[in-house]
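Subject: Structure handover

Hi,

Here is the structure for you to look at. My notes on what was found follow below.

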Number of protein chains: 2
Amino acid sequence: MYYKSLGKTELENELNKLKSRYNSFKEREISLDMSRGKPGPTQLDVASDVFNAKTNNIIYKAENGFDCRNYGVLDGIPEAKRLFAEILGVDDSLIIVGGNSSLNMMFDTVAQGMSHGFGSEPWSKQGSVKFLCPAPGYDRHFSICEYFGIEMITVPNTADGPDMDIIEELVKDPAVKGMWCVPKYSNPTGTTYSDETVRRIAALKPAANDFRVFWDNAYVVHELYEDGDTLLNIYEECLKHGNENLVIQFTSTSKISFPGAGIAAQAAGPDDIAKIKKRLSIQTIGYDKMNQIRHAAIFKTLNDVNEHMKKFAEILRPKFEVVLKLFEKEFGGLDIASWTKPKGGYFISLDLPEGCAKRTHTLCKEAGLVLTGAGATFPYGKDPKDSNLRIAPSYPDVKELELAAELLTICAKIAVIEKVLAE
Amino acid sequence: MYYKSLGKTELENELNKLKSRYNSFKEREISLDMSRGKPGPTQLDVASDVFNAKTNNIIYKAENGFDCRNYGVLDGIPEAKRLFAEILGVDDSLIIVGGNSSLNMMFDTVAQGMSHGFGSEPWSKQGSVKFLCPAPGYDRHFSICEYFGIEMITVPNTADGPDMDIIEELVKDPAVKGMWCVPKYSNPTGTTYSDETVRRIAALKPAANDFRVFWDNAYVVHELYEDGDTLLNIYEECLKHGNENLVIQFTSTSKISFPGAGIAAQAAGPDDIAKIKKRLSIQTIGYDKMNQIRHAAIFKTLNDVNEHMKKFAEILRPKFEVVLKLFEKEFGGLDIASWTKPKGGYFISLDLPEGCAKRTHTLCKEAGLVLTGAGATFPYGKDPKDSNLRIAPSYPDVKELELAAELLTICAKIAVIEKVLAE
């Protein structure tokens with residue numbers, strides 16, 4: 001690390017220069033939010049144009065003649081099921097189309113595991129319940145575990161996805177009932193699981209027959225570049241190993257149409273789909289089918305979705321690139337930071353030296369830049385090394401991002417020098 | 001009962017006449033459904049006209065400037081909260097606006113009681129859990145109890161609502177954690193709770209401090225006549241007795257806008273609202289706010305809703321009246337049936353002599369008329385007297401209803417005579 005090669009005076013000079021830059025940022029009284037993977041207004045306008053052009057709210061009849069305005073249809077109208085079946089690579093019969101939130105479907109599915117189970121007994125009646133949590137990961141997955149008192153076991157990520165050697169060991173414990181995965185453009189690392197990782201997950205033989213992989217394919221079509229990552233079809237791989245009920249998949253159009261008003265879906269093996277439908281038959285009379293038909297009228301096939309997503313890539317790509325350019329410019333040669341350069345998704349993951357993430361977060365906040373809480377991407381909100389920050393460049397515009405990224409690098413460097421000085 | 005005054009031959013003659021009428025119905029191969037409180041196509045078209053006139057899908061900004069297309073806002077946009085606050089008679093701060101299903105909100109609230117509780121301990125950790133179920137009642141309430149293994153205690157209904165003498169006794173059992181109520185135009189009896197009943201519910205002092213009344217005000221504005229029933233404000237009554245967290249209210253626009261695409265809401269005391277919001281913050285990032293703003297743009301006040309509901313009353317009133325007219329004509333003077341004549345809601349409740357409901361249901365079904373399953377309106381699907389049938393006249397048109405009601409009366413009379421002959 002460059003700073004370690006400097007003497008105390010040199011470091012203090014460097015720190016003073018950085019603090020002067022930092023203070024001039026503070027004086028500008030900026031107010032920027034890079035904390036969540038939230039689309040910006042331009043992106044929403046593009047989606048609105050697409051939806052408004054269809055004057056879609058005069059379509060009521062599903063292709064099977066069902067009046068979408070009325071009660072009924074638990075698992076979704078056929079055209080919406082078909083779309084998600086193509087997106088997730090399973091048969092239509094294994095799809096349930098839900099409301100506007102895939103997170104809600106995940107929560108409800110974990111809740112069902114706890115209260116009723118996916119085998120003979122509810123998870124909650126079997127003693128302690130554990131979930132494997134590749135980290136850094138999606139904070140809201142971990143919150144679901146915390147809510148239900150599920151013990152989280154942190155599993156490190158590799159460039160190929162979660163460390164499968166460790167996972168294969170951990171599933172020998174019958175108390176391990178689940179595992180969270182964001183297999184493509186993972187939140188927050190941007191990693192896509194390698195074919196080998198997908199195959200090893202599909203081949204798992206956990207001690208618990210009611211162990212389930214929660215496969216949150218949130219960024220399945222969310223490319224930034226034409227030569228995006230490819231992800232192996234997990235369900236086909238599972239079938240090769242007689243594991244048809246091992247994986248429950250989730251996705252949504254939250255970042256395809258509207259974050260606040262998209263449609264979500266889940267897919268699972270035939271037994272689990274039957275169990276989930278049984279619960280749904282008690283829980284609701286049916287999800288919002290008018291929103292389903294609105295979406296299905298515009299996105300008839302995966303190809304329609306992919307074409308649409310190219311418009312979003314045009315908006316998002318420059319946002320990612322300006323941040324990455326600033327990182328390169330400010331961190332280059334210093335050997336104090338490493339970061340991911342994802343080909344899709346919504347996040348850049350930034351790793352700083354141990355013990356520097358929280359301090360960087362605080363410095364940013366005091367200057368008007370809100371980042372995702374340091375540690376939030378780890379179970380129980382605790383990053384053991386206090387080194388990871390999740391950067392969400394989707395909401396601010398490019399000029400704001402340029403400012404934000406510069407400020408962030410200044411804060412990170414201040415944190416690192418302070419640490420070196422204190423050692 | 002008239003039939004008991006007849007001799008065997010007379011009864012057999014009567015039966016033959018009825019069977020001949022029944023068979024001629026059978027030959028017409030009708031196919032009618034009066035099983036669920038499902039609005040008919042005309043009603044949906046009226047709602048569509050209202051919504052389409054607003055070209056509402058170009059409104060995105062809530063009155064506080066929030067972009068409804070994006071993530072966020074857990075408890076609903078202000079204008080939607082205000083509308084439901086006025087409908088349910090509570091402060092805006094006590095409202096949570098949900099997705100399209102109030103049933104889903106009830107399920108989730110019971111689930112929260114089971115897994116986390118509304119006091120110090122989850123219900124499921126306290127031993128057996130019991131709910132009071134005024135019956136006949138809403139089958140889907142009872143299904144929620146069955147799903148969670150909650151023991152249901154049937155409480156008889158009176159003309160003023162549930163029998164409060166019995167309820168005041170039963171809540172002395174600390175295992176009793178809940179009670180289902182449909183306080184206005186009750187499903188299926190059409191009864192509205194008297195002021196005295198509301199006051200006694202509000203004044204309950206249950207042994208369990210985590211006992212909650214599930215107040216499903218599904219038909220709160222669903223009048224058939226100008227001089228409809230009035231229901232006392234339960235929350236105001238609760239406050240008089242220091243019971244601000246006793247009642248959790250639910251309602252929706254399912255039968256105001258669209259059954260498949262309305263918006264639902266719940267209201268509760270401040271402590272419970274905080275608990276429910278905490279759970280929601282884990283379960284979702286926010287419900288569909290574009291659907292909320294669509295509704296709020298059209299229904300700005302309770303008065304807007306009431307005006308709109310008059311159009312529905314025009315459609316529904318003749319449907320109720322044709323059924324009631326047929327009942328009067330066919331059952332009049334025979335003293336074999338009693339039925340409710342509701343001023344609102346979606347149901348007529350028909351009581352036949354003991355042991356005649358299932359047989360009537362079967363006869364109807366075999367002639368092409370589907371009724372709600374006999375017994376469905378009782379806990380565990382078991383009507384102890386096998387005498388009650390729920391009639392839902394909202395879906396078929398008036399001509400179909402005339403046929404259906406005549407067929408139903410014929411079937412009921414056959415069932416009664418068969419029973420008298422067998423005695």
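Start with the two domains of chain A: the C-alpha centres of domain 1 and domain 2 of chain A lie 31 Å apart. Domain 1 of chain A covers 2–44 + 309–422, and domain 2 covers 61–300. These bounds come from an automatic or database domain assignment.

Before the rest, the ground rules. This is a predicted model, in which local features need pLDDT of at least 70, side-chain atom pairs count only at pLDDT 80 or more, and totals for chains, interfaces and linings use all residues. Residues are numbered from 1 along each chain as its sequence is written, while chains are lettered from A and ligands numbered from 1 in the order in which they are written.

Domain contact

In chain A, 25 residues of domain 1 touch 25 residues of domain 2. Contact means that the C-beta atoms of two residues, placed from the backbone, lie within 7 Å. On the domain 1 side, H11, strand S11 (348–351) and strand S13 (388–391) of chain A each supply at least two residues. H11(A) has the largest share of that side, five residues. Helices (H or I, at least four residues) and strands (E, at least two) are DSSP runs, numbered from the N terminus. The domain 1 side that touches domain 2 of chain A holds 14 nonpolar, seven polar and four charged residues. For these classes, Ala, Val, Leu, Ile, Met, Phe, Trp, Tyr, Cys and Pro are nonpolar, Asp, Glu, Lys and Arg are charged, and the others, Gly among them, are polar.

Helix pairs

H11(A) (residues 302–331) packs with H13(A) (residues 398–422) at about 30 degrees, with axes 9 Å apart. Axes are lines fitted to C-alpha atoms, for helices over the stretch in contact, and angles run from 0 to 180 degrees between N-to-C directions. H11(A) and H13(A) are therefore roughly parallel to each other. The cut-offs: under 35 degrees is roughly parallel, over 145 roughly antiparallel, 65 to 115 roughly perpendicular, and the rest oblique. The crossing of H11(A) and H13(A) is right-handed. A crossing is right-handed if the near helix is turned clockwise from the far one by less than a right angle, and left-handed if anticlockwise. The contact of H11(A) with H13(A) has nine nonpolar, one polar and four charged residues.

H3(A) (residues 78–88) and H10(A) pack at about 60 degrees, with axes 8 Å apart. That makes H3(A) oblique to H10(A). Their crossing is left-handed. Glu79(A), Ala80(A) and Leu83(A) in H3(A) meet Gln292(A), His295(A) and Ala296(A) in H10(A).

Chain contact

Chain A and chain B each give 42 residues to their contact. H4(A) gives the most to the chain A side, with six residues. That side has 21 nonpolar, 15 polar and six charged residues.

Asp216(B) sits in strand S7 (residues 212–216) of chain B. Asp216(B) counts as buried, with 28 C-beta neighbours inside 10 Å. Buried means 20 or more other C-beta atoms within 10 Å, exposed 12 or fewer, and partly exposed in between, with C-beta atoms placed from the backbone. The C-alpha atoms of Asp216(B) and Cys181(B) are separated by 5.9 Å, although these residues are 35 apart along the chain.

Ser143(B) belongs to helix H5 (residues 139–147) of chain B. Ser143(B) is partly exposed, with 18 other C-beta atoms within 10 Å.

Best regards
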